[in-house]
Amino acid sequence: MKTIDLHVHSTYSDGSLTPEELVALALSAGLSAFALTDHDTTDGIDEAVRAARGSGLEIVPGIEFSTRWLHRDIHVLGYFIDYHAGTFQKELRGYLNARHTRNVQMCERIREHTGFPVSMDVLTEAFPDAVITRAHMAAWMVDHGLVETRKIAFDKYLGAHAACFVPKSEVTPADAIRLILAHDGIPVLAHPLLYALSRKQLRLLICELKEAGLMGIEAVYVLNHGSDEAFVRSLAEQYGLLITGGSDFHGKNKPDIALGTGIRSGLAIPFQLLDELKNARSGS
């Protein structure tokens with residue numbers, strides 16, 4: 001069976017491998033395609049496309065938007081966006097500016113709370129090509145011997161209930177969906193079972209996003225357990241949504257997750273899901 005991975009991160013956001021390294025890894029893993037879905041940036045896509053040229057590996061242009069709904073982080077994936085469009089990149093700069101403001105505020109809180117000499121300047125110097133995230137802050141703390149592990153950094157300082165946390169600006173999932181649709185993309189709700197929503201709340205979210213133009217839901221996911229996939233597939237059928245799947249690969253930043261195969265090689269995402277995305281985009 002030809003397999004794919006539609007949820008992959010590079011060094012342009014919070015992954016540990018460059019797009020070129022991802023291509024080499026995907027080829028060695030025998031994947032037929034992967035989607036580069038960095039957080040709030042498309043800067044790595046062209047690099048991946050160049051690296052894969054002539055190899056037979058298909059690179060799906062993607063992105064993962066970070067948004068807020070009911071005071072929770074909700075992620076929206078976009079596939080096949082016209083990411084070179086000037087209007088898209090202009091809107092994206094607005095997202096990145098909001099992320100930068102939040103990062104500055106978190107750095108200030110960390111300095112005030114701990115005395116750690118963290119700032120956007122030192123983070124940008126340490127991770128020069130990346131969209132800075134909390135994962136980079138955690139990595140910087142570990143690299144400088146300020147905490148033992150990234151988990152400790154999140155538990156004590158960076159997590160949603162930790163001392164230095166700053167919530168994201170209120171960009172809604174519907175905002176992200178409209179931006180994706182306006183640039184010929186396919187919007188998909190990422191890992192819907194990770195948001196600590198009740199089933200009633202999850203259905204409410206999906207109803208709202210369906211009205212905004214949501215086209216798919218990530219049903220095949222690395223952290224699914226038991227009947228999770230079957231439940232999300234039932235939601236997809238109920239609301240007329242496409243199904244996607246991904247490992248949410250971050251390299252050494254999530255070391256238990258392998259590209260394409262997830263945890264303990266338990267993931268297998270069929271190429272058919274990509275075909276169905278393409279058919280939906282072309283209207284066939």
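This is a predicted model: local features need pLDDT of at least 70, side-chain atom pairs count only at pLDDT 80 or more; totals for chains, interfaces and linings use all residues.

Visitor: What is the strand order in the open sheet?

Guide: Strands of a sheet pair through backbone hydrogen bonds, either parallel or antiparallel. Strands (E, at least two residues) and helices (H or I, at least four) are DSSP runs numbered from the N terminus, and two strands pair if DSSP finds at least two bridges between them. Here, 8 strands form an open sheet in the order E7-E6-E5-E4-E3-E2-E1-E8, with mixed pairing. Its edge strands, each pairing on one side only, are E7 (242-246) and E8 (269-270).

Visitor: Which sense does the pairing of E1 and E2 have, parallel or antiparallel?

Guide: Strand E1 (residues 3-8) pairs with strand E2 (residues 33-36) in the parallel sense, over 3 bridges. To find the place on screen, look for Ile 4, which stands opposite Ala 33 in E2.

Visitor: How many bridges join E3 to E4?

Guide: E3 and E4 run antiparallel and are joined by 8 bridges. Trp 69 has Arg 72 in E4 as its bridge partner. The hairpin of E3 and E4 has 2 residues between the strands, and Leu 70 there takes a positive phi near 50 degrees. On to E5 (residues 186-189): 4 bridges join this strand to E4, again with the two running antiparallel. Leu 77 has Val 188 in E5 as its bridge partner.

Visitor: Is E4 mostly covered or mostly open?

Guide: Buried means under 20% relative accessible area, exposed means over 50%, and partly exposed is in between, with a 1.4 Å probe and protein chains only. By that scale E4 is mostly covered, with 7 of its 8 residues buried. For contrast, look at Gly 86 in helix H3: Gly 86 is exposed, with a relative accessible area of 54%.

Visitor: Which residues of the largest nonpolar core touch the most other members?

Guide: In soluble globular proteins, nonpolar side chains tend to be buried together. A nonpolar core is a set of buried Ala, Val, Leu, Ile, Met, Phe, Trp, Tyr and Cys residues joined through side-chain atoms within 4.5 Å. The largest one has 71 residues, and Phe 34, Phe 65, Tyr 79, Phe 88, Leu 189 and Leu 274 touch the most other members. Leaving out residues up to four places away in sequence, Phe 88 touches partners including Thr 42, Ile 63, Phe 65 and Leu 179, where contact means heavy atoms within 4.5 Å. A second, separate core of 21 residues includes Ala 130, Ile 132, Trp 140 and Tyr 157.

Visitor: What do the buried residues of H7 pack against?

Guide: Helix H7 (residues 173-182) has Pro 173, Ala 174, Ala 176, Ile 177, Leu 179 and Ile 180 as its buried residues. They pack against E3, E4, H3, E5 and helix H8 (199-212). Just after H7, Asp 184 takes a positive phi of about 65 degrees.

Visitor: What volume does the largest pocket have?

Guide: Rolling a probe the size of a water molecule over the atoms shows where empty space is left. On a 1 Å grid over the protein atoms alone, a cavity is a set of points where a 1.4 Å probe fits but cannot get out; a pocket is an open set with protein on both sides within 12 Å along at least five of seven lines, and lining residues have an atom within 4 Å of a point. Grid points are joined across faces, edges and corners, and a volume is the space filled by probe spheres set on the points. The largest pocket has a volume of about 1,200 Å³. Of its 33 lining residues, Asp 73, His 75, Arg 134, Phe 154 and Lys 254 are the closest to its centre. H6 gives the largest share of that lining, 4 residues.

Visitor: And which residues line the largest cavity?

Guide: The largest cavity, about 110 Å³ in volume, is lined by Asp 40, Ser 66, Tyr 95, Ala 98, Arg 99, Arg 102, Lys 168, Ser 169 and Val 171. H3 gives the most to this lining, with 4 residues.

Definitions and conventions:
Residues are numbered from 1 along each chain as its sequence is written. Side-chain values use heavy atoms; hydrogens and water are left out.
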